[in-house]
Amino acid sequence: MKEIRNKTLWVTGASSGIGRALSLRLARHNNIVIASGRRFEALAELQTHCPERIRVLDCDVADDAAMTAVPERLGALSGHLDMVIACAGTCEYDDDLQLDGSTYRQVFDANFFGVVNTLRSALPLLAASPAPVFAALGSLSSVVPFPRAEAYGSSKAALDYFLGAVRADLCRTPLKVVRIRPGFVRTPLTARNDFGMPFLMSAEQAAERIELGLCKGRSSIDFPRRLSWPLRLLGSCSALWFYLFAPKMTRIRRLRKR
Ligand SMILES: NC(=O)c1ccc[n+]([C@@H]2O[C@H](COP(=O)([O-])OP(=O)(O)OC[C@H]3O[C@@H](n4cnc5c(N)ncnc54)[C@H](OP(=O)(O)O)[C@@H]3O)[C@@H](O)[C@H]2O)c1
């Protein structure tokens with residue numbers, strides 16, 4: 001099976017990039033997609049491409065208080081959820097190691113606490129499906145520590161652990177937990193990157209890889225392999241990373257006297 005068909009899914013981060021491409025692809029494969037993001041207009045525009053199968057639920061996954069209303073709002077759109085794909089996320093680099101707490105919190109709010117809120121909101125409806133799946137977008141950046149990625153990479157590493165722990169907790173239940181870690185994908189999130197992005201792919205290509213991995217029943221979907229395998233090798237041999245690669249990548253040459 002190469003396509004997900006006839007399911008009901010909730011996709012967060014659907015107003016842009018990977019989440020948008022996934023939502024469109026899944027709706028075209030005859031699934032009902034509940035598409036979320038903060039920007040209602042972007043979601044409404046998405047809905048025009050497949051109005052009979054895309055439903056819009058605007059919400060800020062990082063807003064704990066507002067998210068308490070989401071289970072009821074989801075319930076008004078569907079009696080169950082077969083799958084959730086948590087794509088909502090953000091990226092901020094810490095140039096010059098400023099260590100500004102508010103930036104770190106903002107990144108963790110979306111990338112980590114946003115997924116916690118998403119899972120909590122979805123669990124009652126996932127429990128109504130015979131074979132529910134909860135998937136979330138991590139990043140290959142959590143495999144090795146990249147310069148400038150202290151906030152982003154840490155939030156994704158925390159997410160890796162969270163998903164693993166949830167998987168361990170729920171291993172005797174039908175709920176399947178899936179970690180998805182893309183390499184570089186051309187989206188508004190990476191448009192700001194001012195460095196070479198190896199093996200850059202389109203959001204549509206990423207959506208295809210994700211759907212295929214989910215169809216194969218994988219618990220971990222890392223792509224592209226030509227990036228994930230070398231990174232995993234470097235991750236297990238950190239001396240190589242810190243002596244050969246990190247010195248070429250860091251932009252910091254001396255400690256600043258504040
Ligand atoms: N692009 C890459 O190369 C890449 C690589 C690895 C992992 N990822 C991960 O893939 C996911 C999608 O990234 P992308 O590249 O597609 O980025 P993107 O085009 O910037 O899309 C991010 C999406 O997240 C939503 N979002 C952000 N903060 C939110 C919040 N607080 N509440 C609700 N929705 C929120 C945005 O919608 P609104 O603005 O409407 O809220 C948007 O739909 C992210 O988790 C990212 O970390 C991306």
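The model is predicted, and local features need pLDDT of at least 70, side-chain atom pairs count only at pLDDT 80 or more, and totals for chains, interfaces and linings use all residues. Residues are numbered from 1 along each chain as its sequence is written, and side-chain values use heavy atoms, with hydrogens and water left out.

View 1. A disulfide is a pair of cysteine sulfur atoms within 2.5 Å, and a search of the whole structure finds zero. Cys215 is buried, at 15% relative accessibility, whereas Cys237 is partly exposed, at 34%. Here buried means under 20% relative accessible area, exposed means over 50%, and partly exposed lies in between (1.4 Å probe, protein chains only).

**View 2. A salt bridge between Arg25 and Glu211.** A salt bridge is a side-chain nitrogen of Lys or Arg within 4 Å of a carboxyl oxygen of Asp or Glu, and the structure holds 13 of them. The side chains of Arg25 and Glu211 form one, at 2.6 Å from N to O. This pair links distant parts of the chain, 186 residues apart, with Arg25 in helix H1 (residues 17-28) and Glu211 in helix H8. Helices (H or I, at least four residues) and strands (E, at least two) are DSSP runs, numbered from the N terminus. Glu211 is buried at 0% relative accessibility, while Arg25 is partly exposed at 25%.

View 3. Arg53 pairs with Glu52 in a salt bridge whose closest N and O atoms are 3.7 Å apart. Arg53 is buried, with a relative accessible area of 18%, and Glu52 is exposed, with 52%. Arg232 and Asp222 also meet through their side chains in a salt bridge, at 3.4 Å from N to O. That pair joins helix H9, which holds Arg232, to strand S9, which holds Asp222, across 10 residues. Arg232 is partly exposed at 40% relative accessibility, and Asp222 is buried at 13%.

View 4. The peptide bond from Phe223 to Pro224 is cis, with omega near -5°. Pro224 sits in the loop between strand S9 (220-223) and helix H9 (225-235).

View 5. Asn6 is not a glycine, yet it has a positive phi of about 55°. Asn6 belongs to the segment before strand S1 (8-12) and is exposed, at 56% relative accessibility. Asp96, likewise a residue other than glycine, has a positive phi near 65°. The loop between strand S4 (83-86) and helix H5 (101-126) contains Asp96, which is partly exposed at 40% relative accessibility.

**View 6. His49 and Arg28.** His49 is in the loop between helix H2 (40-47) and strand S3 (54-58). The C-alpha atoms of His49 and Arg28 are separated by 9.3 Å, and these residues are 21 apart along the chain. His49 is partly exposed, at 37% relative accessibility.
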